[in-house]
Amino acid sequence: MKCQRAWISGRVQGVAFRAHTRARAEALGLRGYARNLPDGSVEVLACGEEQALQTLLRWLHVGPPAARVDSVRSEDAGADDCAPGFRVA
């Protein structure tokens with residue numbers, strides 16, 4: 001299993017970004033979380049198969065219809081924080 005942590009900035013809070021991310025991640029069989037950060041960005045930790053992670057990362061560059069994604073930064077992460085399921089925190 002591989003894990004990726006991503007930080008998404010732009011208009012990503014108040015537009016159901018986390019809920020849409022959870023739906024995408026669950027459909028792809030990923031586990032992890034999406035949470036709002038104090039600076040207005042969203043952090044996503046996702047763990048699972050490489051192809052599914054890459055699909056989610058591509059989607060994070062677009063986001064849901066009401067969002068405006070300005071940037072996505074991602075890096076490899078450890079599985080320690082990745083509990084079963086995908087939650088919105």
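I will go through the nonpolar cores, the ring pair and the salt bridges of this structure.

This is a predicted model, so to begin with the ground rules: local features need pLDDT of at least 70, side-chain atom pairs count only at pLDDT 80 or more, and totals for chains, interfaces and linings use all residues. Residues are numbered from 1 along each chain as its sequence is written, and side-chain values use heavy atoms, with hydrogens and water left out.

First, the inside. By nonpolar core I mean a set of buried Ala, Val, Leu, Ile, Met, Phe, Trp, Tyr and Cys residues joined through side-chain atoms within 4.5 Å. Buried is under 20% relative accessible area, exposed is over 50%, and partly exposed is in between, with a 1.4 Å probe and protein chains only. The largest core has 20 residues, and those with the most contacts inside it include Ile-8, Phe-17, Ala-46 and Leu-60. Two or more residues each come from strand E1 (2-11), helix H1 (17-27), strand E3 (42-48) and helix H2 (50-60). Helices (H or I, at least four residues) and strands (E, at least two) are DSSP runs, numbered from the N terminus. H2 gives the largest share, six residues. Apart from this core lies another, of five residues, among them Cys-3 and Tyr-33.

Next, the rings. How many aromatic pairs does a search of the whole structure find? One. Rings of Phe, Tyr and Trp (its six-membered ring) pair if their centres lie within 6.5 Å; planes under 30 degrees apart are stacked, over 60 edge-to-face, and the rest tilted. Phe-17 and Trp-59 have ring centres 5.7 Å apart and planes at 40 degrees, so this pair is tilted. Phe-17 sits in helix H1 and Trp-59 in helix H2, 42 residues apart. Phe-17 is buried, at 1% relative accessible area, and Trp-59 is buried at 11%.

Last, the charges. A salt bridge here is a side-chain nitrogen of Lys or Arg within 4 Å of a carboxyl oxygen of Asp or Glu. The whole structure has five. Glu-43 takes part in a bridge with Arg-5, closest N and O atoms 2.8 Å apart, and in another with Arg-35, at 2.6 Å. The Arg-5 bridge links strand E1 to strand E3, across 38 residues. Glu-43 counts as buried because its relative accessibility is 4%, while Arg-35 is partly exposed at 34%. Asp-70 bridges to Arg-68, at 2.9 Å between the closest N and O atoms. Shared partners also join Lys-2, Glu-50 and Asp-76 into one network.
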